[in-house]
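Visitor: Hi! I have a structure open and would like to walk through it with you. Could we take it piece by piece?

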Amino acid sequence: MNIPEELRYAESHEWARVEGDSATVGITDHAQAELTDVVFVELPKVGQKIEVGKNCAVVESVKAASDIYAPLSGEVTAVNEEVAKNPALVNTDPYGKGWFFKVKLANASEVGNLKTASGYRTLIGK
Amino acid sequence: MSSLRKTPLHSVHVAAGARMVEFGGWDMPVQYTSILKEHAAVRSAAGLFDISHMGEIRVNGPDAITFLNLALTNNASKIALNGSQYSILLDEKGGVVDDLFVYRQGAEDFLLVVNASHIEEDFELLKTLPHGRVELRNESDTTAALALQGPRSAGVLDRWIAGASSKLGHHEIRRFDSDAGGVWIARTGYTGEDGFEILCDAASSEKIWKRLLGLGEAGGLIPCGLGARDTLRLEVCYPLNGHELGPDITPIEAGLGFFVDFSKPDFRGKAALVVQKQAGVPRKAVALLAKPGGAPPRAGYPVLRDGKNIGLLTSGALSPTLQTGIGLALVDATHAAVGNSVDIEIRGKYVPASIVKKPFYRRAT
């Protein structure tokens, strides 16, 4: 199970790549493996304010729609049009081309509440 | 905790790493690898499904046809030896108890293949109907079934039983000898592709399953689960009991009037259907094709026309073949015309769709 060291992780299986006061967000390899075929992604809008722990996006597999929860609060500054057009990227490249959106952090201290790679590894038992 | 029922192939699925889910009281594989991959395999090569969870009820005796004609909507007199027929079991109010296939294995020997979630209910109901010189037997526990479906399925079958496919016309069923004993094979299916449903002893099922996978692997045959089974049948608009059919839905509303023979003097539910036919159906089943780019339509989503709620979806999915949303819906009969534009409400957004002629997908030849 791929769990990159440089990322931070929410218990609800979102990852955040924090760079200064901004973060890129997606879902983990574990999450995409559970979902299998991702057929649709509903992204937030640029400019949208998101709040940590609240649902801000939806990822749909063939059988079910799953809420994606904001791992950090802030304002959405970019969304990944590529993944909207090609949802399978979530399965094939969850930490790269399968990213969902970028957020300008409202509260950088929230990063400390996320898990490290080893903490996430413990959480998912892998 | 009540335990789920298991088919004879259950341990094979688990050993293969299939993802198991509850379906109609059974623990079944929803997918082995990927639903999309399994769906594509059936459309382009071949897929193998365990359908042993379905029920088999034998109707045998000199009065078999009379019994079937009273019990079911379709006309069993029309079934030739080695033929089969889709039919429906109704309740007294004309609502659907189950939809099923009737196979004629002998002059007076019929096998009904019924839905997994309704086996005992169907059997108990049939036993209460007057049945002259007819024996009814529930053979579900000792019978297994596999569905081999796809354009390459005939080739795989013939590698197992030489010449079998050339002996089976569309919707025919015949008995064959095989290296796994005697089997009955029907050229029927639930996918819209050419295919075969193989009925065998429960004890032979594992051998046949592995044999077919071995023979078909080089040509692209893969095991497929219920996830692909659902997207495949939806693309060809086949109904699923519990979604398009149920006690509150009549075959007329469901668009299955073709399988109801009103010329029969009587059949269970006839009186109620006659009333409905004369009064006009309040609802109709329609096929919806959504505009590409929207979220997948799913069962339960509302359907609107000009902002007004006109019904809801009974099934829905993103069609893997058409790459857009498709659905079956029950809507007000006054709005059900092919060509009408509607909206499907998905998480507060309105996805435009059209009512289209069935099916969404038709295989080449």
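Predicted model: local features only at pLDDT ≥ 70, side-chain atom pairs only at ≥ 80, totals over all residues.

Visitor: Is H118(B) buried or exposed?
Guide: H118(B) counts as buried, since its relative accessibility is 15% and the cut-off for buried is under 20%.

Visitor: And which residues does H118(B) touch?
Guide: Not counting residues up to four places away in sequence, H118(B) touches V97(B), D98(B) and N241(B).

Visitor: Let's zoom out. How many helices and strands does chain B have?
Guide: Chain B has 8 helices and 19 strands. Its radius of gyration is 20 Å, close to the 21 Å that the globule rule gives for 365 residues, so chain B is as compact as a globular protein of that length.

Visitor: What box do the C-alpha atoms of chain B fill?
Guide: Taken along the principal axes, the box is roughly 60 × 50 × 50 Å.

Visitor: How much of chain B is buried?
Guide: Of its 365 residues, 58% count as buried.

Visitor: What about charges in chain B?
Guide: There are 39 positive and 40 negative side chains in chain B. The centres of those two sets lie 6 Å apart.

Visitor: Now the inside. Which residues touch the most other members of the largest nonpolar core?
Guide: Those are L288(B), V303(B) and I344(B), in a core of 51 residues.

Visitor: Can we follow up on I344(B)? What is I344(B) in contact with?
Guide: Leaving aside neighbours within four places in sequence, the contacts of I344(B) include L288(B), A290(B), P297(B), Y301(B) and P302(B). L313(B), K349(B), Y350(B), V351(B) and A353(B) are also in contact with I344(B). Apart from this core lies another one, of 29 residues, and among them are A18(B), L146(B), A164(B) and C200(B).

Visitor: Time for chain A! How many helices and strands are there in chain A?
Guide: Chain A comes to 4 helices and 9 strands. Starting at the N terminus, the order is β-β-β-α-β-β-β-β-β-α-α-β-α. The radius of gyration of chain A is 13 Å, close to the 14 Å from the globule rule for 126 residues, so chain A is as compact as a globular protein of that length.

Visitor: What does the C-alpha trace of chain A span?
Guide: Along its principal axes, the trace spans about 35 × 35 × 20 Å. Of the 126 residues in chain A, 50% count as buried.

Visitor: How far apart are the mean positions of the positive and negative charges of chain A?
Guide: They are 1 Å apart, with 13 positive and 18 negative charges in chain A.

Visitor: Where is T36(A) found?
Guide: In the loop between α1 (29-35) and β4 (38-42) of chain A. T36(A) has a positive phi of about 55 degrees although it is not a glycine. At 13% relative accessibility, T36(A) counts as buried.

Visitor: Last one: which strand holds A57(A)?
Guide: A57(A) is in strand β6 (residues 55-61) of chain A, and with a relative accessible area of 3%, A57(A) is buried. Leaving aside neighbours within four places in sequence, A57(A) is in contact with E42(A), L43(A), P44(A), S66(A), D67(A) and I68(A).

Visitor: How far apart are A57(A) and A70(A)?
Guide: They are 13 residues apart in sequence, and 8.2 Å apart in space from C-alpha to C-alpha.

Note on methods. Residues numbered from 1 in each chain as written. Chains lettered and ligands numbered in written order. Heavy atoms only, no water. Core = buried A, V, L, I, M, F, W, Y, C linked by side-chain atoms within 4.5 Å. Buried < 20%, exposed > 50% of the residue type's maximum accessible area, 1.4 Å probe, protein only. Contact = heavy atoms within 4.5 Å. Helix = DSSP H or I, 4+ residues; strand = E, 2+ residues; numbered from the N terminus. Rg over C-alpha atoms; globule rule 2.2 N^0.38 Å. Lys, Arg positive; Asp, Glu negative; His and termini not counted. Charge placed at Lys NZ, Arg CZ, Asp CG, Glu CD.
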